[in-house]
Amino acid sequence: MSVTAPRGFRAAGVAAGLKASGNADVALVVNDGPDAGVAGVFTANRVKAAPVLWTQQVVRGGVVRAVVLNSGGANACTGPAGFQDTHATAEHTAAALSSASARLLLGAGEVAVCSTGLIGERLPMPALLSGVRTAVRGLSRDGGMPAAQAIMTTDTRPKTAVAQGSGWTVGGMAKGAGMLAPAMATMLCVLTTDAVAGPDTLDAALRAACRVTFDRIDSDGCMSTNDTVLLLASGASGIAPTEEELTAAVTAATHDLAQQLIADAEGATKQIAIEVVGAASEDDAVEVGRSVARNNLVKTALFGNDPNWGRILAAVGTTAAAFEPDGVDVAVNGVRVCRSGAAAEDRSKVDLTGRDVTIRIDLHAGPTAATIWTNDLSHAYVHENSAYST
């Protein structure tokens, strides 16, 4: 049930006419309480969309009762008018929810707004606000999947996840198939829990989870202007887990969603795990893994089923990580093709005919490891992104 798996949440997904396809394009997630704590992590891109700027302010208030999301338009690089559109969306959502239920009285400052789609164009506000009204009428405990479908852009399928605690639950939905790079968040994602947890605990759990999941997927090295991850707590279970327990459940949900994002990356034919071991520090391991993940020569070689370890080693060498070039080992799908910085086993032994690829890089420089997940670079990726705006 996605975001409605935890108690205290309803959701809806509707078609408002923002997409030319006629597919669902407005989603609404509502927290019926009794609590309304929130935490958020946002894109590090200096060019931030209006809904990101708005929602950052809302999250600082520590209370969110509703999240309204739209696909079919990013509302990014739209100036003061675009920010006013976001504000109007929040006001309209708050008013519609307050009118629909005497139990749920809220203001615009308790409504987070997320948008995704083409950058540089304002949203068709009459259609969007009409869609919000329709979504309010359609809210239900069964609305998680329609909401997940409504936030899709180039995604081929919705992404949802559930993780169980001891008497409490974490649920989530995400979208993203391109512009998947870290520094938060890499996509739109709403996580919910019926655990009892305040904003500080939610923030710690969310940041710890994102650091080892969403921050470690890197599809194409491109960072969006709209990336947002929100974690809402209803407290409806009446159970307050420890911070460690909450972090573990949130991490399980975000890991599941992150893997779904990479699996559905634009044009991908390979799902690649880059395991860096023997690093002097976690930062070194992440830097090396990310350098390989973003190397177009490596990604195109894997698309062509070529275990070209020389390209991998060259990518490692562009980093500032601590290692000796003649001490690095590389294995591809279990075959050690490079030992001590030179050729080892015959690379023709590497089987790349399947979808899953594991590259293991041993720096022999320390005790630390990290994994970065990526995908290959295919003809389909180039076609999809060259024709995206039309």
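Two strands pair if DSSP finds at least two bridges between them. Helices (H or I, at least four residues) and strands (E, at least two) are DSSP runs, numbered from the N terminus.

Before you start clicking: this is a predicted model, in which local features need pLDDT of at least 70, side-chain atom pairs count only at pLDDT 80 or more, and totals for chains, interfaces and linings use all residues. Residues are numbered from 1 along each chain as its sequence is written, and side-chain values use heavy atoms, with hydrogens and water left out.

**Stop 1: strand E8**

Select residues 188–193, which form strand E8. Six of its six residues are buried, meaning under 20% relative accessible area with a 1.4 Å probe, protein chains only. In a regular strand the side chains alternate between the two faces of the sheet. Here, Leu188, Val190 and Thr192 are buried on one side, and Cys189, Leu191 and Thr193 are buried on the other.

**Stop 2: the neighbours of E8**

Look for valine 170 opposite threonine 193. Then show E9, which pairs with E8 in the parallel sense, also over six bridges. Threonine 193 has alanine 233 as its bridge partner in E9. Follow the chain from E8 through H5 to E9: this β-α-β crossover is right-handed, that is, with the strands pointing away from the viewer, the path from the first strand over the helix to the second runs clockwise.

**Stop 3: asparagine 226**

Select asparagine 226, in the loop between helix H5 (199–212) and strand E9 (228–233). Is this residue buried or exposed? Asparagine 226 is buried, with a relative accessible area of 5%. Its side chain reaches the backbone oxygen of alanine 74 at 2.7 Å. Show contacts (heavy atoms within 4.5 Å), and you will find that asparagine 226 touches residues including Thr43, Pro51, Ser115 and Leu188.

**Stop 4: the six-stranded sheet**

Move on to an open sheet with the order E13-E12-E11-E14-E10-E15 and mixed pairing. Strands E13 (342–343) and E15 (368–375) stand at the edges, each with a single partner strand, so one side of each is left without a neighbour in the sheet. Within the sheet, E11 (residues 329–332) and E14 (residues 356–362) pair in the antiparallel sense over four bridges. Aspartate 329 has aspartate 362 as its bridge partner in E14.

Finish with helix H7 (residues 282–293), which packs on the sheet and touches E10, E14 and E15.

Conventions. Buried means under 20% relative accessible area, exposed over 50%, partly exposed in between (1.4 Å probe, protein chains only). A polar contact is a pair of N or O atoms within 3.5 Å; within protein, one must be able to donate a hydrogen and the other to accept it, and residues adjacent in sequence count only if both atoms are side-chain atoms. Axes are lines fitted to C-alpha atoms, for helices over the stretch in contact, and angles run from 0 to 180 degrees between N-to-C directions. Lists of a residue's contacts leave out its neighbours within four places in sequence.
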